[in-house]
Amino acid sequence: MALEATGAVWTWGFGASGQLGHNILENRFVLTIMEREAFNMHKVVSLTAGRVHSVAVTMEGELWVWGSGYFRSLGLGDQMNRKKPTLIGTDTALGESHVLTESCGFFYTLAVTKDGALWTFGMDEQGADAYYHPATVIDDGTLFTWGRGDQSKGLGHASGMPMWVPTRVDPSLMGGARIGPCHKLQRPGICHENAFSA
C-alpha cells in the first residue's frame, strides 16, 4: 500500500481477503487507486497493512479497517472479511476519541487515540498472535512490550517469558536508553522488534 500527501491510497498485491479495499476478492498486480468515497471523502493521513488486513486513519481521527477479520483483527466484533473500508464503531467507539495513529501485526491491530489510550484488537486470548508481539512507547520514552516472549521472540524482558499485558521494559536492559520521539515503531520482524533510542 502507498499513501500520497494528498490522501490518495494506492493498493496492489494479494487480495483474496479483501485487503486491497476495492470491493473485490482479487489480486491486483499493478498499483490501483482507491476511490476517495471509500473514506467518506475524508483525507487519509496514515496507513498500515497487516498480513491480510489494512487500516487507515483520516484527518478527522476516524479509524477505517478492511480485509481479513480472522482473530477479530478488524475490531468489528466478528471474524468476517470486509472487501472495502469500514469505519470502526459509532460515537462510543475507541472511547469517543480522535485516533492519531495505528499499527498492525499478522492478525492484530493497535490504535492510539488523542487522549493517550492504546486500543488493541484481534489478538488471541493470550495477548498477541503467534508471529508478532506488539510494542508501544509512552511520552517519557518508556518501552512496553507484550505477547509471546519465548526464546525465538524475545520481548526485551530479562525473563524471556510471555507477558500477556503491556509490561515495562527495564531501561537498564537497554543500557539506560529511552526510545526517542516517534509516531510509529518500524514494522517488527518475525523474531525481533525494532526500536530506536534517542
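**Ground rules**

I am working with a predicted model, where local features need pLDDT of at least 70, side-chain atom pairs count only at pLDDT 80 or more, and totals for chains, interfaces and linings use all residues. Residues are numbered from 1 along each chain as its sequence is written, and side-chain values use heavy atoms, with hydrogens and water left out.

**Whole chain**

I looked up the secondary structure and got 13 strands and zero helices. For the record, helices (H or I, at least four residues) and strands (E, at least two) are DSSP runs, numbered from the N terminus.

Next I checked burial: 44% of the 198 residues are buried. Buried means under 20% relative accessible area, exposed over 50%, and partly exposed in between, with a 1.4 Å probe and protein chains only.

The accessible surface of the chain is about 10200 Å², and carbon and sulfur atoms hold 55% of that. That area comes from the Shrake-Rupley method with a 1.4 Å probe.

I also looked at contacts (heavy atoms within 4.5 Å). Taking those between residues at least 6 apart in sequence, 39% join residues at least 24 apart.

**Three-strand sheet**

I found an open, antiparallel sheet with the order β1-β2-β3. Two strands pair if DSSP finds at least two bridges between them. The edges are β1 (2-3) and β3 (28-33), each pairing on one side only. I counted two bridges between β1 and β2 (residues 9-13). Ala 2 has Trp 10 in β2 as its bridge partner.

**Four-strand sheet**

Another open sheet runs β4-β5-β6-β7, again with antiparallel pairing. Here β4 (44-49) and β7 (82-87) are the edge strands. From one strand to the next, the twist averages 15°. The axes behind that angle are lines fitted to C-alpha atoms, and angles run from 0 to 180 degrees between N-to-C directions.

I then went through the strand pairs. β5 (residues 53-58) and β6 (residues 63-67) are antiparallel and share five bridges, with His 53 opposite Gly 67. Their hairpin has four residues between the strands, and Gly 61 there takes a positive phi near 85°. On to β7: three bridges join it to β6, and Trp 64 has Leu 87 as its bridge partner in β7. How many of the five residues of β6 are buried? Five of them are, and I noted the strand as mostly covered.

**Aromatic rings**

I searched the whole structure for aromatic pairs and got six. Rings of Phe, Tyr and Trp (its six-membered ring) pair if their centres lie within 6.5 Å; planes under 30 degrees apart count as stacked, over 60 as edge-to-face and the rest as tilted.

Phe 39 and Trp 66 have ring centres 5.7 Å apart and planes at 65°, so I logged them as edge-to-face. Phe 39 sits in the loop between β3 and β4, while Trp 66 is in strand β6, 27 residues apart. Both are buried.

Tyr 70 and Phe 107 are also edge-to-face, because their planes are at 75° with centres 5.0 Å apart. This pair lies 37 residues apart, with Tyr 70 in the loop between β6 and β7 and Phe 107 in the loop between β8 (99-104) and β9 (109-113). Tyr 70 is partly exposed at 43% relative accessibility, whereas Phe 107 is buried at 10%. I also noted one aromatic cluster made of Tyr 70, Phe 71, Phe 106 and Phe 107.
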